[in-house]
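Please look over the sequence and the model shown here before reading on.

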Amino acid sequence: MTHAASTSPLGPAPVQHLSPGVSREALPLRGRDEIAERLTQTFDDSIRGGVRLTILSGRPGIGKTRLLREALDEADHRGWRSIVAAPDEDSLTTPLGALTNAALSSTPPLLDAEALAPVLIGSHPQYWITRLLNDAIEIAAKDTAVLVVVDDLQWLDAGSLGALSALVRTTFGMPVNWLLATRPGTHQAAHGRLLDQARGTGQLIEVPPLSEGAIDEIGTDVLGHPAGPTLSHALAGTEGNPLLALELLYGLEDEQLITVVDGSADVIDDRLPRGFGASSRRRLAALSRPALRLAQVGSLFGRHFSLSAALSVIGTPPGAAASAVEELIDNDIVADEGDELVFRHDTIREAASETLTPSLRKVLGREVVERRLDDGTPAAVVASELLRLAEPGDPSSIDLLISAARELASTDAHTAATLISRAASLAPANARCAAEIVELLPTLWAGGRGDEVASVGEKFSSALRGDERARVDLAVARLLTESSFEDAIRTCERALQIPGVAASTRVELLAVRTLNYANKADWVGLRASIAEGRAEADDDRDRVALATLDACESVLTFYESRFDDALALQRDALRRIADSGARASLWLPEGLWMAFMHNSMGECRRALAEVDAGLADARRAHSVIAEAYWMMLRARVLYDLGVLDEARAQSEAVLDLASELQLGDFANATAGIVLFRIALHIGDVALLEQTRPLVSALADGVGLTRTGRWNLAVEALESGRFSEALGWCDLALASFEEATPSMTTPADFLDDVMLTEICIGARDTASIVRIERVVTERAAANRSNRFVGAVSSAVHGLVARSETELVEAATVFRAGERPLVLAHVLEVLASVTVEDRAAVEALEEALALYETAGATRDASRVLRSLRSRGVHRRLKSVAAGAHGLSRREQQVAEVLLTGATTKQISDALLLSPHTVVTHIRHIFAKLGVNTRNEVIEILGS
């Protein structure tokens, strides 16, 4: 790594300047050879697809910024493109500010300001900006490798941290090197996740204090002579901090306290002030009062501050402040960047702020905040100061806190919730802003302060009209639908008791309550809630609410085994939504129910067509949440179709997207469960270990406990642990005869066959009788649906060990769309078949089905059964094309060969970017490569 002048190779925008530190000239890098070598190695690694994320961690002044500058020089030397972000404390509450500013001010700009503006004010800005940045970085990386540098990572806002984490994942395989620097400790949850990501897939390098020898070398570099004994002792007192060492050396030089004797530089007459160089406070103490006051006020603005703004707070005319400004510059307190002054280092700025008395800091801080707001600074940017300075009953402070919370709600719900909580604590119960505070209760809940929602709502309820209070509860209940069905129902019940609630609001509350009874699988409450909602609803006024009631009644009817009636009710629901002017594909989660039903009824290809139509509509509408939900359902349908490769890719993409969007348990209950079941089918131990915690979390939760416990039962069944499996089936068996999805949500009727196997293995005769009765009644109620009839035959055949009934079930499944179901039944058939040849034929058919699906563990089990019958076969690897690529992977690879970016592949194949990225990961694994260029070399030859 070169040890050259440390200047950013990019344009003059302030956001791109790294922390300047305290230096007067280019000095050699001392004591960092090992770290410098590791950073140099990252350039080669990122080209080869190796380590691409490096985070330097060290305390202030330890030299992180200098190492970043060395990396930038290395990038310049190699002809790479560099993108630099240097956030400050204001960035913590400036949604996506430092990241987008770095992209806008790079040379050439990475993003276009015109294209960025609507994204910043739209829904889910973090997601869409991440997509824009990803595409821009990919395009840049096609021409030359890219180095992305972020200094002071701890000051980045939550949205930017989330975007960075996603970008590191999605730009894999491209020549992009991510180099970040942070202070020790976890400063917020998203910061901690990024550090964990570096530990897991990159490297986290601790930057330690310099050795005494390295510090002495810095002394020689600055003074031109080695340090004498007194100076060497003083340098040792800096405890290996190069910033403090430089402060000491330049301070002594400025005060002409250095003398050279016999070739060594030492302090004249040992005149070293006690503690000199140990902190920036000593240097500030030597300033004149006007210069110190300017530094103090400037520190309240942040790392960068406008001279005119600072002087206006002090009340000093510009002409009278010239000597103070020059004094700060001459003493390396600040640097003059033309439009602004910038502190030489955060440690100096922090020391300047700390020299203010608490009362003075509060008074001046208030004036600084007001000046910044007058200059157009968004309220969110000064949120941290607002939290500290706001006073009880001060309408201005409370209004600013509310404004800041609104600005941050879409990108940093946690900070927004903190601001709302503070505003609520400062405002009197009858405050004029009561309606605004209560309106933000959903954000308070989303930001992790759900326990405060009720108390804040109650405090201000007297200031709201009845219907206003009820509308707030309605919004909160809709949010709670994603996490706590019980709390959502209680919230609706409370709102329904409020006097003066409008009739339309009451119906909406009843609809949301009904939805949560359906989610909770409380069929007594569901029936009553449907009846009450329909009694109060108006066909013309309450179309959307009635659509929800129709969908919920469809769920109830479906689990009462009245499939035709359930389909008719859902068609009514979709018609009402269309009549209301809304899009069914964006109506969540109710709009998914038709496709779920068709899939549960064995009509998987029809379900897939419905899913793909909904997915395309969601993409056209740029509704990323709707897209995520349709992708979750698509993963389930692909699994049921036995397309395990595609189902796995879709599921992995869904979990990536759900993590980025912070979605709840629904992603785990669909995509997570699919991955878990695929891991069982293919015998992938690593995938099983990765997904078991998701399943266990569902099992230990509240809303989706049955789903989690049932899948742990399936795992135990696969290993022949029948008693353990039966223990996990307690909730399923307790509700099996009720109109409810007892095992998987929505139901998979094949589960009835496996539940029967568990009960047979555990000798639970009573439960077997109940299962037979339920499957018989379901088949009788839906004679036109051959799939549930075949499930009934399979259960009876399994219990009675009846070859006839199992053959009948296999015949139906053979004509259907569930190959894994057919294979499973064929295995059972072989175990009861008397004639050896017929058993072998059944096993060979099952083996072919498992091989085609890629279910290698299942196929191995069948091979063992064949060997026990004297038939020896080898496991075939059935691939759709060369190199073992699936059909979809081949399609992705073909577009990739043209040099297309992720977005271009996504647009060409109508896939989500996350799905494309997942397919590319699988292509890499199958080809044994780490970069896109290697894919092109192998497949393009």
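How many bridges join strand 9 to strand 10, and do the two strands run parallel or antiparallel? In this predicted model, three bridges join strand 9 to strand 10, which covers residues 341–343, and the two strands run antiparallel. Val-334 stands opposite Phe-343 of strand 10. The two strands belong to an open sheet of three strands, ordered 8-10-9, with antiparallel pairing. Strand 8 (304–305) and strand 9 (334–336) are at the edges with a single partner strand each, so each has one side left without a neighbour in the sheet.

Now take the chain as a whole. The protein chain contains 48 helices and ten strands. Its radius of gyration is 33 Å, close to the 30 Å that the globule rule gives for 941 residues, so the protein chain is as compact as a globular protein of that length. Along the principal axes, the C-alpha atoms fill a box of roughly 105 × 75 × 45 Å.

Of the 941 residues, 56% count as buried. Among contacts with a separation of 6 or more, 69% are between residues 24 or more positions apart. The accessible surface of the protein chain comes to about 37100 Å², and carbon and sulfur atoms account for 51% of that surface. As for charge, the protein chain carries 93 positive and 130 negative side chains, and the centres of these two sets lie 4 Å apart.

A hairpin is formed by strand 6 and strand 7, with two residues between the strands. Strand 6 spans residues 258–261 and strand 7 spans residues 264–267; four bridges join them, and they run antiparallel. Within this pairing, Thr-259 has Asp-266 of strand 7 as its bridge partner. In the hairpin, Asp-262 takes a positive phi near 55°.

Gln-296 lies in helix 12, which spans residues 289–301. Is Gln-296 buried or exposed? The relative accessible area of Gln-296 is 5%, and buried means under 20%, so Gln-296 is buried. Leaving aside residues up to four places away in sequence, Gln-296 touches Ala-352, Thr-355 and Leu-356. Val-695 is 399 residues from Gln-296 along the chain, and the C-alpha atoms of these two residues are separated by 54 Å.

Methods
Residues numbered from 1 in each chain as written. Predicted model: local features only at pLDDT ≥ 70, side-chain atom pairs only at ≥ 80, totals over all residues. Heavy atoms only, no water. Rg over C-alpha atoms; globule rule 2.2 N^0.38 Å. Buried < 20%, exposed > 50% of the residue type's maximum accessible area, 1.4 Å probe, protein only. Contact = heavy atoms within 4.5 Å. Areas by Shrake-Rupley, 256 points an atom, 1.4 Å probe, with all protein chains shown as cover. Lys, Arg positive; Asp, Glu negative; His and termini not counted. Charge placed at Lys NZ, Arg CZ, Asp CG, Glu CD. Pairing = 2+ DSSP bridges.
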